[in-house]
Structures are given as structure tokens and as C-alpha cells.
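Colleague: Please show me the model. I would like to ask about the labels used for it.

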Amino acid sequence: MESSSEIKEYKGNCHCGLFKFTISVSELKSVQVCDCSYCYRKACQWVFPALNLQIQSGENELSTYKFGRKEMIHSFCPKCGSTIIAKHLPSGEESINARLLQSVNSSLLEKTKYEESPSSEEYGSRYAPPSTYPAPSTIKNVETSVEGAKLETFNGNCHCGAVAYTLISKPLNERTIISCNCSLCHRNGEIYIYPPASSVTFIGKENLIGYPFLSPYSLHSFCKVCGTSVCVQALKEDEDLLPLNLRTMMSGVNVKDLNITEYDGAKNDPQYVVS
């Protein structure tokens, strides 16, 4: 049996501060990483079980999402998109996403694998992407107008399929791929490429919720149904740019196979405080 001296209280919150909580568990040395199709998109790092979960604010404000046999309910903030809690309904056990904990660098914790791969059978069914993706863009831009350019077609979507896209792009190994550690990207585990916005077509774009951070002209956009972070929408009319979260890309793409550049975005948001 653990002694009280081994128990530590951790505070946490979604990015916007709508949901705040504490958990009291043994000092964290490891987290569980699930490779199901949902957690892969969200890059969740779970503290399981989340003992002595105490909610300070936002208890009745979260959006919820279920899939497969619907035995697991995932809760996310409807304002900023942070994934917070996974609850196993048959047992009532809850997990907390360690990425939301204050004063914890979850990247330094040992990772225990929970699922085998994003395409494996999960929660009673095999993940099925949308049956239809939008037609590719025919607009010429700085990439697609290059004579002799090798262009490929990539499809992607949020988990529930309410948002889907088609990208015309040079091969991914010719693109800069960024993992940022700012307070928002760290919470979401996003991995971005930066194609022209005119190279991307959408179905269901109206299902995206935009969350402004660092700049009022950049909306970090996630699906209002499942909470999947999809892209960053630039509001400046003269800016042909649309950062896309590669975790949402299908077409045989797995972020584990990519050459990713780590970007120290945390230095750009020292003003971040929990509201």
C-alpha cells in the first residue's frame, strides 16, 4: 500500500482555462500512449487511473465523443479543443491527458504503449475513414504552377468525418514538418506542414471551431463534433497559407515515419497564463 508521502497533487487545465482540475497520484514517471485512431489524432498521453480527480471549474461545460462500441467517452473543451478525460463506461474508470498538467513535461516521461496501431481493430470495430473526399484544387499557386513539379494527392479528416480535405502537394519528404512545443501545440500534440491554402479543398469546413492564440489572425481549428485539431486558418486575405495537422492525414501517412523538426514555440508565448 502506498504511503501518503508518495502521493502528489497535480494541477491541470485545458488551454483556455474553461476546465480546471487536480489529481492526486503517485509521482508521475510514466504515461500510457494509445495508438487507436482517436488518440493517435489527439496525441494523448494518459494518466490511468486518474485517482482523486477533483474538478475546480467547467464540469458541465465539456463536449463528449464516443465511437466503436461506445464504451469509452472522450471529453474535450468546446472552446479550445483540448482533450481532457477518457472514461471507460463499464468500469467507470477515468484517465486524464497528462499533456494538460501544469509543471509536468510529459515528453520526458516514460511511455507505455496501449494499442498496436492506428489501423488495428479498436473498441469493437475497424476504423473507417469517410467514403468521400472533396475534389482536388485546380488553382495554380507558388507550388502547383512550377513546371515539372511532382505533385501528389493526400486525403485527410477529423476522426468522426464531419471535416474532410484533399491536399495537392509536393511529396511530404520535400516539405518542412514541424512539431511545436508552445502551450497550445504541446497540449494537442500537433504536427504541421505548411502548404498554400489554395492547394486544399474541404468538405464540412463549417464544422470547424476556430480558437485564436498568439495572433487574432490565426485560428487553430478543430472539429466541433470529435474535437480533432485539423488546421490553422489564416484570416489575412493576402496570405495563401494553411497549416495542416498531419495527424489527420490518411493516404498511408503515419507521423512516426516522418522526419520531424522540433520547433521551440514556447519561447513565443511566455505570456501564457491560465485565465
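Colleague: Why is Ala43 called buried?

Modeller: Its relative accessible area is 7%. Buried means under 20%, exposed over 50% and partly exposed in between, with a 1.4 Å probe and protein chains only. So Ala43 counts as buried. This is a predicted model, where local features need pLDDT of at least 70, side-chain atom pairs count only at pLDDT 80 or more, and totals for chains, interfaces and linings use all residues. Residues are numbered from 1 along each chain as its sequence is written, and side-chain values use heavy atoms, with hydrogens and water left out.

Colleague: What makes the phi of Ala43 worth a remark?

Modeller: Most residues other than glycine have a negative phi. Ala43 is not a glycine, yet its phi is positive, about 55°. Ala43 sits in the loop between H1 and E4. Helices (H or I, at least four residues) and strands (E, at least two) are DSSP runs, numbered from the N terminus.

Colleague: Is Ser251 buried, partly exposed or exposed?

Modeller: Partly exposed, because its relative accessibility is 41%. Ser251 also has a positive phi of about 55° without being a glycine. Its place is the loop between E21 and E22.

Colleague: Why does Leu246 count as buried?

Modeller: Its relative accessibility is 0%, so the label is buried. Leu246 lies in the loop between strand E21 (244-245) and strand E22 (261-263).

Colleague: Which residues is Leu246 in contact with, leaving aside its neighbours within four places in sequence?

Modeller: Leu172, Ile177, Ile191, Ile193, Val255 and Leu258. Contact means heavy atoms within 4.5 Å.

Colleague: Why is the pair of Phe19 and Phe21 called tilted?

Modeller: First, the count: there are 6 aromatic pairs. Rings of Phe, Tyr and Trp (its six-membered ring) pair if their centres lie within 6.5 Å; planes under 30 degrees apart are stacked, over 60 edge-to-face, and the rest tilted. The centres of Phe19 and Phe21 are 5.9 Å apart and their planes stand at 40°, so this pair is tilted. Both Phe19 and Phe21 are buried.

Colleague: How do you know that Tyr38 and Tyr65 form a tilted pair?

Modeller: Their centres are 5.4 Å apart, with 35° between the planes. Tyr38 is in helix H1 and Tyr65 in strand E6 (residues 63-65), so the pair ties together parts 27 residues apart in sequence. Tyr38 and Tyr65 are both buried. Ring pairs link Tyr38, Tyr65 and Phe67 into a cluster.

Colleague: What makes you say that Lys42 lies over the face of Phe76?

Modeller: The distance to the ring centre is 5.8 Å. A charge sits over a ring if NZ of Lys or CZ of Arg is within 6 Å of the ring centre and within 35 degrees of the ring normal. Arg247 lies over the face of Tyr40, at 5.7 Å from the ring centre.

Colleague: What kind of peptide bond joins Phe48 and Pro49, and what is omega?

Modeller: A cis bond, with omega about -10°. Most peptide bonds are trans. Pro49 lies in the loop between strand E4 (46-47) and strand E5 (54-57).
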